[in-house]
Amino acid sequence: MLVEKNVPLQSCNSFGIVAKAHTLVRVRTEDDARAAALDPALSGQARFVLGGGTNIVLTGDVRPLVLKVEIMGRRLVSETDRAWVVEAGAGESWHELVRWTLAQGWPGLENMALIPGTVGAAPVQNIGAYGVELQDRFESLEAIDLHNGQTLTLDASQCGFRYRDSVFKHLPSSQQAMGLAGRALITRVRLRLPKPWEPELGYLDLQRKVQETGSTQPSAQQIFDWVCAIRRAKLPDPAEIGNAGSFFKNPTVSPEQCADIIARDPGIVHYVLDDGTVKLAAGWLIDACGWKGKSIGMAGVYDKQALVLINLGRGESGATGGEVMTLAKAIQTSVYERFGILLEPEPVVV
Ligand code: EPU
């Protein structure tokens, strides 16, 4: 177990915000995680589990003990006539896992290509894109309980997956299910890729690709390429422009509330869900309030996708977490004043 002091975190968060970890432990094995949990010198401290740092806003130096997860490894656990089950270490890159499974001939993750971040972070916010969410491909995961060093194995229901949400985002005191934030350190994730493979082409952007190319029965690799192209066209590459993907969740409203908004703003982008409630495109709401391309300090709203907040600079001359949150609050206020909807941030604010 490697314990480091005063570790710069700029390269460990995709916003590129300058901040330090007072104490950071690199977790490369399950034993490292167990040792961090049980070490008397470290026990009693609050902990913050850090994956790829692609869904966080750092608002200052991090005082809780930072556990940086770097557990690697990928393998096929089993293959039956109904599915391939694949396992990956929490420190693996999500996108590289997607690419690798396709190269092995195991399709099923292609719609979630190019989502930044690590495998261990994927269940935390139940990542999803282009019609598929992690929970649709989830088998189980292993985690170390940081309270006692024990290994936990959780199935989908125990993870409490919801839209961009899970038990790993909630503190034990929260009312929703069993909170495991700061307690469970995810070490390995198992995914179930069902057979026979069927393309998921319901999302509008993918339907457009089918029409443009005339390819009505695309392969998984073709869908992977389409998703990469769609994402590259509208989302900034964190290696070039600091960002944390979508900054707000798409809100859900009642049909009455939606009808009321449509009466005033007929152009609003909305989708009726199975339970009758209506999901609104937060990007559209923010765009309608005129935020695209606007900024506060060095924090800005991306001009190709209003749902993404970006760092207009780098390092010391870039945005602070405070500027990002001030911009986020200003956006929340103007969307609330115009539509009566309070947008909920997606990233974890540290
Ligand atoms: N829109 C606008 N103006 C904008 C942005 C969007 O009018 O500035 C409209 C678009 O025209 C479109 C609608 O809003 O009709 C939805 O936009 P898009 O298809 O880009 O998807 P999204 O709802 O903005 C969600 C996820 C993304 C995911 C895509 C594709 C959330 C919060 N975001 O974005 O996830 O990649 O769908 O499935 O659910 C992420 O979570 O970080 C993320 C990037």
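Predicted model: local features only at pLDDT ≥ 70, side-chain atom pairs only at ≥ 80, totals over all residues.
Me: How many aromatic pairs does the structure hold?
Reply: There are six aromatic pairs. One of them is Phe15 with Phe247: the ring centres are 6.4 Å apart and the planes stand at 65°, so this pair is edge-to-face.

Me: And where do Phe15 and Phe247 lie?
Reply: Phe15 is in the loop between strand 1 (2-8) and strand 2, while Phe247 is in the loop between strand 13 (242-246) and strand 14 (252-253), so the pair ties together parts 232 residues apart in sequence.

Me: Are Phe15 and Phe247 buried or exposed?
Reply: Both of these residues are buried.

Me: What about Trp284 and Phe339, how are their rings arranged?
Reply: That aromatic pair is tilted, with 6.1 Å from centre to centre and 55° between the planes. Trp284 sits in helix 7 (residues 282-288) and Phe339 in helix 8 (residues 321-339), so the pair links distant parts of the chain, 55 residues apart. Phe339 counts as buried because its relative accessibility is 4%, and the cut-off for buried is under 20%.

Me: New topic: which residues of helix 1 are buried?
Reply: In helix 1 (residues 30-38), they are Glu30, Asp32, Ala33, Ala36 and Ala37. Seen down the helix axis, these residues fall within an arc of 160°, so they line one face of helix 1.

Me: What do they pack against?
Reply: The buried residues of helix 1 pack against several strands, including strand 2 (20-27), strand 3 (47-50) and strand 5 (65-69).

Note on methods. Residues numbered from 1 in each chain as written. Heavy atoms only, no water. Buried < 20%, exposed > 50% of the residue type's maximum accessible area, 1.4 Å probe, protein only. Helix = DSSP H or I, 4+ residues; strand = E, 2+ residues; numbered from the N terminus. Arc of directions from axis to C-beta. Contact = heavy atoms within 4.5 Å. Phe/Tyr/Trp six-rings, centres within 6.5 Å; stacked < 30°, edge-to-face > 60°.
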